[in-house]
Amino acid sequence: MNLAARLLLLVPLVSLVAATLVLIPVPTPVLGPAVGGSLAPAAHAWPVDPHDQRWTPTPESPTAEGYAVPVRRRVTYSVTTRGGISTPLAVFRRQAQETYDDPRGWRTAGVQFRRVPRGGSFTLVLAAANVVESFSSGCSAQWSCRVGRFVIINQERWKHASPAWNAARGSLRDYRHMVVNHETGHWLGRGHASCPAGGGRAPVMMQQSKGTGGCRLNPWPLGWEAAAVRGR
Ligand SMILES: [Zn+2]
């Protein structure tokens with residue numbers, strides 16, 4: 001058999017192999033995980049603290065958004081400023097919303113926060129330190145405060161955290177989470193808490209800006225703090 005004849009015999013074989021290849025369901029491994037992925041916990045959508053044992057994503061518990069707790073209460077808020085502001089307001093707005101959206105925050109109590117252009121259920125204020133006292137004699141130029149519908153974040157604390165927080169080597173981002181959660185926690189009806197005997201993570205309603213006693217810095221509501229808000 002000459003070479004041309006051998007090649008002719010190979011043609012049907014090559015065609016068969018090609019047809020077989022076409023029949024192999026190539027898209028399956030690509031589509032499979034993508035479909036399943038929408039049901040899986042969005043474990044990397046938020047910076048989850050590996051030490052936080054409270055929020056444990058499981059395949060069956062999260063909603064499509066990745067939250068373990070369904071929304072029970074929807075609140076709206078607007079953002080405003082008082083006094084001379086020397087820090088970017090856009091960053092303040094964005095980071096406050098990040099705190100509210102985080103599954104470790106009051107969202108874990110079933111509270112969903114949505115920013116509106118004006119009005120809303122409460123007003124989140126970024127205030128220059130020297131005007132914080134104008135809200136109430138119970139407020140001080142040194143700290144953040146909550147008065148009625150006003151959740152007031154002291155600009156100096158927003159920019160620099162606090163001496164005690166910095167001495168304990170807390171990060172500025174965590175301080176911002178803590179102060180927004182703490183003052184908003186007052187608006188949600190929570191009073192101050194203290195470090196329990198035995199230590200552990202500080203309650204978010206502890207005045208951690210001033211120190212944590214024997215507790216560790218913690219920007220997020222503890223399980224019992226969230227449960228108290230959830231039960232209201
Ligand atoms: Zn307080």
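The model is predicted: local features need pLDDT of at least 70, side-chain atom pairs count only at pLDDT 80 or more, and totals for chains, interfaces and linings use all residues. Residues are numbered from 1 along each chain as its sequence is written.

**Strand β5**

Helices (H or I, at least four residues) and strands (E, at least two) are DSSP runs, numbered from the N terminus. A residue is buried if 20 or more other C-beta atoms lie within 10 Å of its own, exposed if 12 or fewer, and partly exposed in between; C-beta atoms are placed from the backbone. Strand β5 spans residues 150–154, and four of its five residues are buried, so the rest of the structure largely encloses it. Strands pair if DSSP finds at least two bridges between them. The pairings of β5 are these.

| Partner strand | Sense | Bridges to β5 |
|---|---|---|
| β3 (residues 122–127) | parallel | five |
| β4 (residues 145–147) | antiparallel | three |

Thr-123 bridges to Phe-150 in β5. Arg-146 has Val-151 of β5 as its bridge partner. Two residues lie between the strands in the hairpin of β4 and β5, where Gly-148 takes a positive phi near 55°.

**Helix α3**

Helix α3 (residues 89–101) has 13 residues. Its buried residues are Phe-92, Ala-96, Thr-99 and Tyr-100.

Conventions. Expected span 1.5 Å × (residues − 1).
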